Amino acid sequence: MQESSVLWRRLVEQTEYALKCGALQSIPTHYEFVEQGGVRFLVRILANLVRKDAAKSSGKTDKNFNPFLPYEKDLFVMDISETHVCLLNKFNVVEHHLLIVTRAFAEQEIWLDLADFQAMWLALAEIDGLAFYNSGSLAGASQRHKHLQLVPLPLTDDGEEIPIAPLLKTAKFEDGIGKSPDLPFVHAIAKFDRSWIDSPDLAAEMTLKCYLNLQKAVGLLDDVENIGDRPNGAYNLLATRKWMMVVPRSQEVFQGISVNSLGFAGALLVRNQEQKQLLLETGPLNILTAVARKIG
């Protein structure tokens, strides 16, 4: 039960405190479902962006500004490992949105490593959630400092735990690499062993191997034995206790609509009614296809 998890208790406590002191500035939304291709996409519509836009105008989106070094103490949740800390996402749209941040600076565009996956699994062991990673600005990364993110599941109380789940179930696997015929863009999926949740260290080792094999399968890595400094392009990574998926990116936005990893989970965010109308006319799956790498 998440209620018995130390991380979950700290997350709830710190959220309450950070809201009261003003450190956590949640952005209100309402949501609707939009169906396409057998998926009930979760579409959140922002009520306003005054807070986040104010932060931008204050200069805190300067490319050299790092909100994680030092991090805002009122957003600190706990130390998750020797190499990573857990922080609240200051401008959260999803409740209890957690950041898993490296203590020392590392670029967001470099490879994830064993320590990253250890921290991810330590968090997943305590919170049944969706972990994700936006690698590079084309994948929706807004900060250079390396960080994974985690949101609790289900994403809403009145839909699939993860909206895209029905399409992942159609995946066909070959040599441990899965591809869904219903996802019309380049992607690769790996299944996790259910027992890994009991051993974060073993899980991290096995996940790192899966991760590199997925990267090779989608063309972001040439040689698993010689990975170099960084991938051959931007990508989104999504992971749960059961599976992981990698999606290479071709662009960050579709006609003003930004897409990050949550988009490929089936949860999209629009800023206003105009963008919502564009999404309805285009279709959410078509938007994902437009910003991902094309097949062939």
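Trainee: How many bridges join strand S1 to S2?

Mentor: In this predicted model, strand S1 spans residues 29–36 and strand S2 spans residues 39–46. S1 and S2 form a hairpin with 2 residues between them, and glycine 37 in the turn has a positive phi of about 60°. The two strands run antiparallel, and the number of bridges joining them is 8.

Trainee: Which residue of S15 stands opposite valine 43?

Mentor: Valine 43 belongs to S2, where it is the bridge partner of glutamate 32. S2 is also joined to strand S15, residues 267–270, by 4 bridges, and these two strands run parallel. In S15, the residue opposite valine 43 is leucine 268.

Trainee: What is the average twist from one strand to the next in the open sheet of order S1-S2-S15?

Mentor: The sheet is open, has 3 strands and shows mixed pairing. S1 and S15 are its edge strands, each pairing on one side only. From one strand to the next, the twist averages 30°.

Trainee: At about what angle to S1 does helix H8 run?

Mentor: S2 is mostly covered, with 7 of its 8 residues buried. Helix H8, residues 284–291, lies across S1, S2 and S15. Its direction relative to S1 is about 90°.

Trainee: Is serine 261 buried or exposed, and why?

Mentor: Serine 261 is placed in helix H6, residues 261–264. Leaving out residues up to four places away in sequence, serine 261 touches Phe132, Tyr133, Asn134, Ala139, Asn236, Leu237 and Leu238. Because its relative accessibility is 0%, and the cut-off is under 20%, serine 261 counts as buried.

Trainee: With which side chain does the side chain of serine 261 make a polar contact?

Mentor: Among the residues that serine 261 touches are Tyr133 and Asn134. The polar contact from the serine 261 side chain has a distance of 2.6 Å. The partner is the side chain of asparagine 134.

Trainee: Which residues touch the most other members of the largest nonpolar core?

Mentor: This core has 47 residues. Beyond its neighbours within four places in sequence, tyrosine 211 is in contact with Trp111, Leu112, Phe117, Tyr235, Leu237 and Met244. Another core, of 41 residues, lies apart and includes Leu153 and Leu288. In the largest core, the residues touching the most other members are Leu7, Tyr211, Leu237 and Met244.

Trainee: How far apart are the end C-alpha atoms of residues 181–292?

Mentor: An unreviewed UniProt entry annotates residues 181–292 as "domain: ATP adenylyltransferase C-terminal". Over these residues the chain is 36% helix and 21% strand. The end C-alpha atoms are separated by 15 Å.

Note on methods
Residues numbered from 1 in each chain as written. Predicted model: local features only at pLDDT ≥ 70, side-chain atom pairs only at ≥ 80, totals over all residues. Heavy atoms only, no water. Buried < 20%, exposed > 50% of the residue type's maximum accessible area, 1.4 Å probe, protein only. Pairing = 2+ DSSP bridges. Core = buried A, V, L, I, M, F, W, Y, C linked by side-chain atoms within 4.5 Å. Contact = heavy atoms within 4.5 Å. Polar contact = N/O pair within 3.5 Å; in protein donor to acceptor, adjacent residues only side chain to side chain. UniProt positions renumbered as here; feature names shortened; annotations may be inferred. Axes fitted to C-alpha atoms, helices over the stretch in contact; angles between N-to-C directions.
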